[in-house]
Amino acid sequence: MRFMMLMIPRGYESAAPGTMPDAKAVAAMMRYNESLQKAGVLLALDGLHPPSMGARISFPGGKPQVVDGPFAEAKEVLGGYWIIQVKSREEAIAWASRCPGSEDAIIEVRQVQELADFPPDVQAVAGLPEMLAQPAQRMGA
């Protein structure tokens, strides 16, 4: 089972462009990331720049509308994520609980939907595994 662990650091919603964590926090997080890797459960991870450097695209009336960050209404924003492969929700929660998060951090654990989770009619039209197996140049990237 794949799970995404979402880091939600309080206060990051108002962080200035280019805000970076301090070296001590990064060192602690890297030790944690190495433990995920050594256990063989880590599939991917990334930190995210603050929302002040991002954009949101909504689709009122079916047409894209772009709003540059920061976003005044944001109460919780993502600071980064991990994707892990474990045997259960409980194991994912156990890994998230070991994170050296600050007092202001929250980690949300969410199971990744697999094609097999969907009914047969949805599986038939999804085609995602085939799409992901294609080289990037064939997908227009």
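In the hairpin of β3 and β4, six residues lie between the strands, and G61 takes a positive phi near 65°. This is a predicted model, in which local features need pLDDT of at least 70 and side-chain atom pairs count only at pLDDT 80 or more, whereas totals for chains, interfaces and linings use all residues. Residues are numbered from 1 along each chain as its sequence is written, and side-chain values use heavy atoms, with hydrogens and water left out. Strands (E, at least two residues) and helices (H or I, at least four) are DSSP runs, numbered from the N terminus. Strands β3 (residues 55–58) and β4 (residues 65–68) run antiparallel and are joined by four bridges, two strands being paired if DSSP finds at least two bridges between them. R56 has V67 as its bridge partner in β4.

Also in strand β4 is V66, which is exposed, with a relative accessible area of 55%; exposed means over 50%, buried under 20%, and partly exposed in between, with a 1.4 Å probe and protein chains only. Together with I57 and F59, V66 makes a nonpolar surface patch of about 320 Å². Such patches are made of residues with over 30% relative accessible area and no salt bridge, with nonpolar side chains (Val, Leu, Ile, Met, Phe, Trp, Tyr) joined within 5 Å and like charges within 9 Å. A salt bridge here is a side-chain nitrogen of Lys or Arg within 4 Å of a carboxyl oxygen of Asp or Glu, and accessible areas come from the Shrake-Rupley method with a 1.4 Å probe, only the protein chains shown counting as cover for residues.

Helix α2 (residues 89–97) has A92, W95 and A96 buried. Seen down the axis of α2, these buried residues fall within an arc of 100°, so they line one face of the helix, the arc being that of the directions from the helix axis to the C-beta atoms. E90 and S97, on the other side of α2, are exposed. The buried residues of α2 pack against β1 (2–9), α1 (23–38), β5 (80–85) and β6 (105–111).

Within helix α1 lies N33, which counts as buried at 7% relative accessibility. Leaving aside residues up to four places away in sequence, N33 touches L42, L45 and W82, where contact means heavy atoms within 4.5 Å.

Over the protein chain, the elements run β-α-β-β-β-β-α-β-α-α from the N terminus on. Of its 141 residues, 23% count as buried, and among contacts between residues at least 6 apart in sequence, 77% join residues at least 24 apart.
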